[in-house]
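The stops below may be followed in order.

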Amino acid sequence: MLTKILLGFQHIFAAFGGIIVVPIVISGALGFDTKTSTALLSAAILGAGVATIIQAMGIWKIGSKVACIQGTSFTFVPPAISVGLSLGIPGIIGASILGAFVEIILSYFIKPLMKLFPPLVTGTVVCLIGLTLLPVSIDWAAGGVGASDYGSLKNIGIAMFVMIITLLLNRYGKGLVSSASILIGMVIGYIVCIPLGMVDFSTVAQASWISFPKIFEYGVTFDFKALLAFTPAYIVTVIETVGCLKAVGEVSNIKMKDSRVGAGVLADGVGSIAAAALGTFPNTAFSQNIGLIPLTKVASRYVAIMAGVMLMIIGLFPKFAAIINIMPQPVLGGVGIVMFGTVAAAGIKTLSRVKMNNRNLLIIATAVGLGLGITFRPDFIGQLPESLKMIFSSGISTGTIVALILNLVLKEEKEN
């Protein structure tokens with residue numbers, strides 16, 4: 001039991017940075033107060049635990065029954081922000097639930113679906129996810145949008161210090177130190193900020209010691225326009241989860257048949273519905289945990305189940321979430337630059353395996369151009385009907401739709 005707990009903690013360390021950053025990003029972008037953002041953070045940790053248990057344990061035909069950790073995904077940040085700006089948390093919850101049914105349906109069509117999303121499309125989309133989020137990390141590094149000391153030498157200095165520490169740990173650290181470099185970088189930056197007077201612990205004092213989740217605490221709003229904004233993110237999630245599950249099978253020496261992968265994608269959808277009911281954002285398989293399996297030489301799904309149980313326990317303590325929630329913005333900026341840049345680089349890596357002929361270059365250029373263009377100049381679609389505005393207000397949804405359509409419309413070039 002002790003061994004399972006220790007190995008479970010390793011998985012939590014590797015995944016924790018990704019789990020906590022998503023609710024922090026969305027809360028900051030939507031201007032939620034500290035109480036609300038702390039509650040969302042606790043729910044995200046709790047939801048990750050529930051989704052992990054569903055995935056690793058397997059319930060009936062739901063779950064891949066492999067050592068796969070679940071958590072909130074960066075993919076859903078842009079659509080969540082675009083929907084949240086007009087419909088608030090209830091709109092995000094509603095879109096998460098409706099979108100999850102899209103993923104559940106797609107889980108039964110894994111083999112034919114992959115043909116619609118070749119590396120050309122998936123690489124472009126993943127690259128856009130990172131690129132559209134980088135401005136957020138730069139704002140953090142400067143102190144946060146609207147901060148009186150925005151861009152001060154102190155803020156930028158702390159962000160660069162955290163970024164360098166994270167890079168060095170990831171590059172030269174061994175084992176767990178490298179896997180948990182994001183988390184360690186955040187902790188070091190946090191500690192440095194305390195004597196500089198940049199951390200206000202009053203919120204932690206006000207937070208309760210323990211709190212049980214209230215199902216649909218914020219209510220729920222179902223809106224078809226919001227579903228359209230979330231659908232591309234869920235499609236990307238299906239593709240990412242398929243890749244993660246196949247990778248887990250490979251490093252675990254487990255044969256991953258299409259039916260088993262489909263059950264894992266189904267668990268993704270069910271886990272996202274559970275997370276939405278708890279008041280947080282959709283879940284997906286975490287790729288960063290795959291590296292721990294060959295490192296520890298332990299591929300037991302019971303270790304992942306133990307990690308899920310511990311995440312659920314941690315999620316029940318609001319004071320813990322409050323301590324994370326008051327982390328200074330420059331600290332988040334330092335790790336955010338690395339994290340979001342890494343996501344963009346992963347997309348570039350996928351595209352490097354694509355033949356760069358005229359057709360493929362046109363698809364990449366148009367999808368990235370429109371995706372980034374709308375991200376940096378949102379007023380471009382300001383005069384569109386509200387329904388279209390919600391769909392295309394996210395650079396990632398715009399880029400996905402454009403890449404998918406062009407890939408289907410533009411004919412493949414004949415080989416000479």
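Select Asn 357 to begin: it is buried, with a relative accessible area of 13%, where buried means under 20% relative accessible area, exposed over 50%, and partly exposed in between (1.4 Å probe, protein chains only). Asn 357 sits in the loop between helix H15 (329-351) and helix H16 (358-376). Helices (H or I, at least four residues) and strands (E, at least two) are DSSP runs, numbered from the N terminus. The model is predicted: local features need pLDDT of at least 70 and side-chain atom pairs count only at pLDDT 80 or more, while totals for chains, interfaces and linings use all residues. Residues are numbered from 1 along each chain as its sequence is written, and side-chain values use heavy atoms, with hydrogens and water left out.

A polar atom of the side chain of Asn 357 lies 2.9 Å from the backbone nitrogen of Asn 360. Asn 360 is itself among the buried residues of H16, which also include Arg 359, Ile 363, Ile 364, Ala 367 and Val 368. Further along, Gly 371, Leu 372 and Ile 374 of H16 are buried as well.

Display the whole of H16 next. How far apart are its end C-alpha atoms? They are 26 Å apart, which agrees with the 27 Å that the 19 residues of H16 should span at 1.5 Å a residue. The expected span is 1.5 Å times one less than the number of residues in the helix.

Select Phe 320, which belongs to helix H14 (residues 318-325). Phe 320 is partly exposed, at 36% relative accessible area.

**Charges and cysteines**

How many salt bridges does a search of the whole structure find? The search finds one, a salt bridge being a side-chain nitrogen of Lys or Arg within 4 Å of a carboxyl oxygen of Asp or Glu. Select Asp 223 and Lys 225, whose side chains meet in a salt bridge at 3.4 Å, N to O. Asp 223 counts as buried at 17% relative accessibility, whereas Lys 225 is partly exposed at 25%.

Two cysteines follow. Cys 127 is buried, with a relative accessible area of 8%, and Cys 193 is buried at 0%. The count of disulfides comes to zero, a disulfide being a pair of cysteine sulfur atoms within 2.5 Å.

**The loop between H2 and S1**

Move to Trp 60, in the loop between helix H2 (34-57) and S1. Is Trp 60 buried or exposed? Trp 60 is exposed, with a relative accessible area of 75%. Although Trp 60 is not a glycine, it has a positive phi of about 55°. Most residues other than glycine have a negative phi.

Lys 65 is found in the loop between H2 and S1, and it too is a non-glycine residue with a positive phi, about 60°. Lys 65 counts as partly exposed at 37% relative accessibility. Select Gly 264 as well: its C-alpha atom is separated from that of Lys 65 by 7.9 Å, although the two residues are 199 residues apart along the chain.

Gln 70 lies in strand S1 (residues 70-72) and is buried, at 0% relative accessible area. Its side chain is joined to that of Gln 55 by a polar contact of 3.2 Å. A polar contact is a pair of N or O atoms within 3.5 Å; within protein, one must be able to donate a hydrogen and the other to accept it, and residues adjacent in sequence count only if both atoms are side-chain atoms.

**Two further helices**

Select Ala 267, found in helix H11 (residues 258-278). Ala 267 counts as buried at 0% relative accessibility. Asn 283 is 16 residues from Ala 267 in sequence and 9.5 Å from it in space, C-alpha to C-alpha.

Finish at Val 25 in helix H1 (residues 2-30). Val 25 counts as buried at 3% relative accessibility.
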